[in-house]
Amino acid sequence: MGGGGGAAPANGRRGRSCTGQWEEGAELCRPMGGGGGAAPANGRRGQGSTDGWLGKRIHMGSPLNESHQRFLQTMMSQGILEGSEVKSLHRHCCGTHQGHHTPENLEEFIQAINGQLRPLFMEIRKGMSEEDGRQYCALVNLAETEITRMAFDYTETELELFKKTMDLVMESENGMASSTDILNLADQLEPKKMKKKEVEQVLQRFVQEQWLCEREGEYILSTRCIMELEQYIRNMYQELVKECNICHNIAIQGQMCESCGVKIHYPCVARYFQGRSEPCCPSCNQFWPHEIPEIQTATLSMPPPATTQRAKRRHRE
């Protein structure tokens, strides 16, 4: 997906590789459709707003001001935002509603929102792209550990395709699944098979809605996918999941020590080995034979995630 400037796409989001910002966050804050009713499986109502289920729960006795509510509305409708967009959105919301804006109070600003979200088992959380180290914010459901949170947007067969695609990614050595291998799943799907053309169309949706990323015919799990489905990944792929030896988050894309097998994200490799002429594994102290990437990215100040009890682990069926 291409990066760069230009107009915002129709869905109000940019591609995964875009670093541009919209004018003072205004496009991010466009009113989105939504209504009342029960909460959807993923904790959001598609292109929902704070007038929907979550908004009504928070409005009742909430100490949040209009700036907080506008910020939350946008996070609900977008799902995930890149760090520069988060800062732009914060600036826009505070400016529009005459709030006091300084870059330093973004952490306090989000902490106030999370204080209202956590009783509802939700949180705005920071995550990092495994590819380039850019930081993101996502509205994460802390209670659900099942992939069924996506059921609001996809059919049962489409969810089965996503699960099998995740299997291919997690079982691969490089954390990728080729388009050919995914297309070959077409006649293995339940409850009904799909044509390969239909699989291609669904894959495009997964990419557009930021569950997968595509790069030269190879598919990887997106930052949004890893952030929102972290517990599902840990539960279902217990024997395959590795944690980054530096940041201790799930590491699907990265480099691995040939001696002891520890894995490190590419951005973490770049930071850890910066300026070291003879890089050695932080675990076994053996020489690190891989090329050290040069990745520089701005950091995004965010409050620490809430301490939550991990769901009981289940073995893969």
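Two strands count as paired if DSSP finds at least two bridges between them. Helices (H or I, at least four residues) and strands (E, at least two) are DSSP runs, numbered from the N terminus.

This is a predicted model, where local features need pLDDT of at least 70, side-chain atom pairs count only at pLDDT 80 or more, and totals for chains, interfaces and linings use all residues. Residues are numbered from 1 along each chain as its sequence is written, and side-chain values use heavy atoms, with hydrogens and water left out.

**The three-stranded sheet**

In β6, serine 178 has glutamate 218 as its bridge partner. β4 and β6 pair in the antiparallel sense, over two bridges. The open sheet has three strands in the order β4-β6-β5, and the pairing is antiparallel. β4 (177-178) and β5 are the edge strands; each pairs on one side only.

Two helices pack on this sheet. Helix α5 (residues 156-171) touches β4, β5 and β6, and its direction makes about 95° with that of β6. Helix α7 (residues 196-208) touches β5 and β6, and its direction makes about 110° with that of β5. Axes here are lines fitted to C-alpha atoms, for helices over the stretch in contact; angles run from 0 to 180 degrees between N-to-C directions.

**Two hairpins**

β5 and β6 form one hairpin, and β2 and β3 form another. The table sets out their turns.

| Hairpin | Residues between strands | Turn residue with positive phi |
|---|---|---|
| β5 and β6 | two residues | glutamate 216, about 50° |
| β2 and β3 | six residues | glycine 133, about 80° |

Strand β5 (residues 212-215) runs antiparallel to strand β6 (residues 218-221), and four bridges join them. Cysteine 213 has isoleucine 220 of β6 as its bridge partner. Seven bridges join β2 to strand β3 (residues 135-141), again antiparallel. Glycine 127 stands opposite tyrosine 136 in β3. Strand β2 (residues 122-128) is mostly covered, with five of its seven residues buried (under 20% relative accessible area, 1.4 Å probe, protein chains only).

**A helix pair**

Helix α3 (residues 83-96) and helix α4 (residues 106-117) have axes that come within 11 Å and cross at roughly 80°. That makes α3 roughly perpendicular to α4 (65 to 115 degrees). Contact means heavy atoms within 4.5 Å. From α3, Val86, Lys87, His90 and Cys94 make the contact; from α4, Leu106, Phe109 and Ile110 do. These residues divide into five nonpolar, one polar and one charged. Nonpolar covers Ala, Val, Leu, Ile, Met, Phe, Trp, Tyr, Cys and Pro; charged covers Asp, Glu, Lys and Arg; the others, Gly among them, are polar.

Technical notes:
Parallel < 35°, antiparallel > 145°, perpendicular 65-115°, else oblique. Buried < 20%, exposed > 50% of the residue type's maximum accessible area, 1.4 Å probe, protein only.
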